[in-house]
Amino acid sequence: MRGSARRPGRPLRRLGRLLLGRNELRRPTDRIEVLIVASLTATFLTAAIVAAVLAGHLYQSQHAMAARVRPAVAVLAQPGPVAASQTTAVGATWRLPNGTQRSGTLTTMTAPAIYYASAGTSVPVWLDRSGRPVASPPSPSEMIAVVLILCYYLCRGLLDRHRLARWESAWAAVGPRWTSRR
């Protein structure tokens with residue numbers, strides 16, 4: 001029964017031997033590649049944790065901002081703009097949370113639903129504490145998308161820097177031989 005008992009840590013040792021162990025066919029560049037992949041994996045996991053923490057922080061701050069704005073419904077007094085027109089603002093009326101009616105202009109930034117809308121159409125808007133229309137707060141999925149895109153560009157920049165450094169060192173080794181043959 002001694003052979004059937006598994007010791008803790010043995011799979012990690014096997015993995016270490018597989019990745020870093022001696023092998024006559026494994027080149028030094030293969031070992032370097034394994035180290036790079038392992039470090040990039042660790043970097044990716046760290047970035048994923050940082051992204052999750054950052055996304056949570058962004059969600060909390062956006063949730064706090066959303067508490068300062070309130071949704072409302074506005075009725076357009078004139079037709080909304082079409083995509084090719086220069087006009088991006090239309091007159092509208094809306095009710096405040098206390099019931100008073102306000103009128104003003106809505107832009108395509110504060111109410112994207114005004115595109116191609118006819119006069120008398122009800123469109124959703126967000127109002128600040130003073131009752132003015134403001135841009136809608138980002139949704140949690142939009143915030144997560146922004147964080148993931150930022151992480152992607154950060155990782156891409158680091159990888160590109162690494163690739164360019166390797167290219168530069170390879171060119172420094174090969175370039176003089178090629179240029180001296182002219």
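The model is predicted, so local features need pLDDT of at least 70 and side-chain atom pairs count only at pLDDT 80 or more, while totals for chains, interfaces and linings use all residues. Residues are numbered from 1 along each chain as its sequence is written, and side-chain values use heavy atoms, with hydrogens and water left out.

Start with the loop between strand S3 (101-107) and strand S4 (122-127), where threonine 110 sits. Helices (H or I, at least four residues) and strands (E, at least two) are DSSP runs, numbered from the N terminus. Threonine 110 counts as buried because its relative accessibility is 14%. Buried means under 20% relative accessible area, exposed over 50%, and partly exposed in between (1.4 Å probe, protein chains only). A polar atom of the threonine 110 side chain lies 3.0 Å from the backbone nitrogen of threonine 107. Not counting residues up to four places away in sequence, threonine 110 touches Pro133, Val134 and Ala135. Touching, or contact, means heavy atoms within 4.5 Å.

Tyrosine 115 counts as partly exposed because its relative accessibility is 39%. Tyrosine 116 is exposed, with a relative accessible area of 59%. The backbone of tyrosine 116 has a positive phi of about 60 degrees, although this residue is not a glycine.

Now move on to the loop between S4 and strand S5 (133-134), which holds aspartate 128. The side chain of aspartate 128 reaches the backbone nitrogen of arginine 132 at 2.8 Å. Leaving aside neighbours within four places in sequence, aspartate 128 is in contact with Arg68, Val69 and Val134. Val134 is also among the residues that threonine 110 touches.

The last stop is a helix. Tyrosine 152 is found in helix H3 (residues 140-179). Tyrosine 152 is partly exposed, with a relative accessible area of 43%. Which residue lies 105 places from tyrosine 152 along the chain, with 9.4 Å between the C-alpha atoms? That residue is alanine 47.

Conventions. A polar contact is a pair of N or O atoms within 3.5 Å; within protein, one must be able to donate a hydrogen and the other to accept it, and residues adjacent in sequence count only if both atoms are side-chain atoms.
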